Amino acid sequence: MAHQRVALWAAEPDLDDDINDTDVDIPIPMPSSTNEMYDDPNLQLDEGSLQAMQQHIAQQAAFAQVPDVVKRFIVHFHQAVLDNNLQEVTLAYESGWTRLTEKYYAKTEWPEAETIAPLVNDDQIFLILYRELYYRHVYSRLQPNVDDRFHSYENSCELFNYLLNSDGPVSLSLPANWLWDIIDEFIYQFQSFSLFRSRPASKTDDELTMLGSEGGAQAWSSYSVLNVLYSLIQKSRANEWLKARAEGKTDEEIEEIVGEYGTKPLYRMLGYFSIIGLLRVHVLLGDFTLALKVMENVGLGQKAPFTAPTAVHVSTAYHAGICYFMLRRIPDAARVFTGVLNWVMRARQYHTRSYQYDQINKTADRMYALLALCHVLAPTRLDDNVMNIVRERYGDQMGRMGRGEEGLSTFEELFLYACPKFICANSPPYDDPVALASMLIPPTPTSPSSQNPSVVLGDPTQRHLRTASSHFISLTPVSSLKSLLKLYTSLDAQKLTGFLDTSGAGVDEEEVLSWMMVMKNAGRCVGRVTTGGTAANGEKDNDDGSRPTESLLGGEWMSISDLNFVIDQNMVHIAESTVGRRYAGWFIRNSEHAARVLDGIKASPLPPRTAPTQVQKKSADVPKGEGAPRTTGQKVAWGGVKVA
């Protein structure tokens, strides 16, 4: 019967219409006191009873509007969760929910949990899981209002309290994709609420009142979100489990280390995903050093301790690369982006039909944009396949950014598209109307921030944008200076100043010297890898540029420029080094391409054989000497005989 139910709600669209004729009538029970009231005609209904009766009628009307195929799906989904049937739960979550959403609820909400409660015998645990899916649908497809934001926070608190505060590990089996989505959506809703809360100018009076209340100050606070993630990590002992696996301990020793919670797949995966979630939260809050610190036991390779969803690897690489980019460790950021983008391209055929396909593609496109920024700030040799895609998508923007200050607007536009929406840990003072009103006063024309109103409200994204833009502006003289120095092996400082002062703006030697010091500083940074992909001690790096034996925050000063110079009094001595082409990779890629072309030629059908239709001319009709090649006369370059 279970297999038959799967066929009903996971069937093709033409089969859905056949089962819509079947009624699934489940009466919604009313309180016994309400039924007794109806027996007494002389009894007056108070306001509470009248509201209960109206609510009952509204629930009945809402229940009648639910399609029968949706009712059957919910009943089956609930039974699969009760039985801990992981295969059925995975199928219902990844296939059934998505298909029914597209067909019935693409532009509207799913039924509320109270409406479908009779279908699941008022199972509170399943209703919490259902509300998690319900509010995720509201956030992704619709526009959540302030009530949705508060109720989703309350439901998240109920879910995590059930997981963390129960007497012992809970007997619940959920697929890894769902567990990751729970953590990922929890952080996304926190980010969305923080952005919503940071714009007091667009709030109504009711919203201001709710945000100024005690519950509004506690809802989606940074402390509560971090507390949930750290509690899941501590309860599951995820870091201890990762350390034990890295040290090669046996399964019995690992079980003794992690305890009863850590041996359960539910808590183990939630703890592991919470570490990735902490990386994201600290990036959103702007603490890039701490974000990399929490990843010490995880690393940045694609070798997950279990079969993790593709979205986990993509999210990890994206936020770790953002950390390196903002810390001005550009080669490390580029290496992380290149490694995961290569991996996504190889695994594209496996996640094309995934419900996370669109999100993975959006994040990958942002990483391509960040790679374009990395190439402008610190040009290094990267994988040809990835760089070809970067040039194809952002070649025009890279050309404009290479022209100096006139490319600043392009740099800012690309950064705002590629970076996450940073948030502020503190909310505006909604509980203090006077302080809130002072924040909403528009800046005066003489104010330094009058040109950018967002600065008044402390927009963290604008703050990080100014930091990245200042680094870009400081490097604008480097490109022209570098192209000029490449033409010489030694150059007089006065002559170099004359070359740079083409506009007659009065550039002096001191200013040129400051540009050269900026260029020298831009050519060195702290990094975990060198441009050749090996460490200083000769240790080979992973594909993503990580070294398992080294901290993510560790590294050493290294040169990332192919041009070096020394200033000796008034002379500048230039030394240029070029990185050799990696022939092995080039040979392998072209060999694979040739093999694919040959296979395609072999697989193509031969042309059909046709009988000759024209009669050849007789030899007597052929003029003398026309059928034989010429053997005399002037020869041309390719060895034939030139015809007169």
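**The largest cavity and beyond**

Mentor: Sorted by class, the lining of the largest cavity has five nonpolar, four polar and two charged residues (Ala, Val, Leu, Ile, Met, Phe, Trp, Tyr, Cys and Pro count as nonpolar, Asp, Glu, Lys and Arg as charged, and the others, Gly among them, as polar). Keep in mind that this is a predicted model, in which local features need pLDDT of at least 70 and side-chain atom pairs count only at pLDDT 80 or more, while totals for chains, interfaces and linings use all residues. Residues are numbered from 1 along each chain as its sequence is written, and side-chain values use heavy atoms, with hydrogens and water left out.

The volume of this cavity is about 90 Å³. A cavity here is a set of points on a 1 Å grid over the protein atoms alone where a 1.4 Å probe fits but cannot get out, and lining residues have an atom within 4 Å of a point. Points are joined across faces, edges and corners, and the volume is the space filled by probe spheres set on them. The count comes to four cavities of 30 Å³ or more.

Helices α8 (124-141), α9 (146-165) and α10 (176-197) each supply at least two lining residues, and α9 gives the most, with five. Helices are DSSP runs (H or I, at least four residues), numbered from the N terminus. To find the lining on your screen, look for Glu132, Tyr135, Ser152, Asn155, Ser156, Leu159, Phe160, Ile182, Glu185, Phe186 and Gln189.

Ala176 makes a handy step onward: Phe273 is 97 residues from Ala176 in sequence, yet the two are 9.5 Å apart in space, C-alpha to C-alpha. Phe273 sits in α16 (residues 265-285) and counts as buried because its relative accessible area is 0% (buried means under 20%, exposed over 50%, partly exposed in between, with a 1.4 Å probe and protein chains only).

Next, a helix pair. The axes of α19 (residues 330-346) and α21 (residues 357-377) come within 9 Å and cross at roughly 145 degrees; axes are lines fitted to C-alpha atoms over the stretch in contact, with angles from 0 to 180 degrees between N-to-C directions. By class, the contact between α19 and α21 has 16 nonpolar, one polar and no charged residues. Contact means heavy atoms within 4.5 Å.

Further along, His464 lies in α25 (residues 460-474). Leaving out residues up to four places away in sequence, His464 touches Gly286, Phe288, Met326, Phe415 and Phe422. A relative accessible area of 10% is why His464 is called buried. Leu465 pairs up over a sequence gap as well: Glu413 is 52 residues away in sequence and 9.7 Å away in space, C-alpha to C-alpha. Glu413 belongs to α23 (residues 408-418) and is exposed, with 58% relative accessibility.

Finally, two loops. Asn84, in the loop between α5 (68-82) and α6 (86-104), has a positive phi of about 55 degrees although it is not a glycine. Trp220, in the loop between α12 (214-218) and α13 (222-236), also has a positive phi, near 55 degrees, in a residue other than glycine. Asn84 is partly exposed at 29% relative accessible area, whereas Trp220 is buried at 0%.

Definitions and conventions
On a 1 Å grid over the protein atoms alone, a cavity is a set of points where a 1.4 Å probe fits but cannot get out, and a pocket is an open set with protein on both sides within 12 Å along at least five of seven lines; lining residues have an atom within 4 Å of a point.
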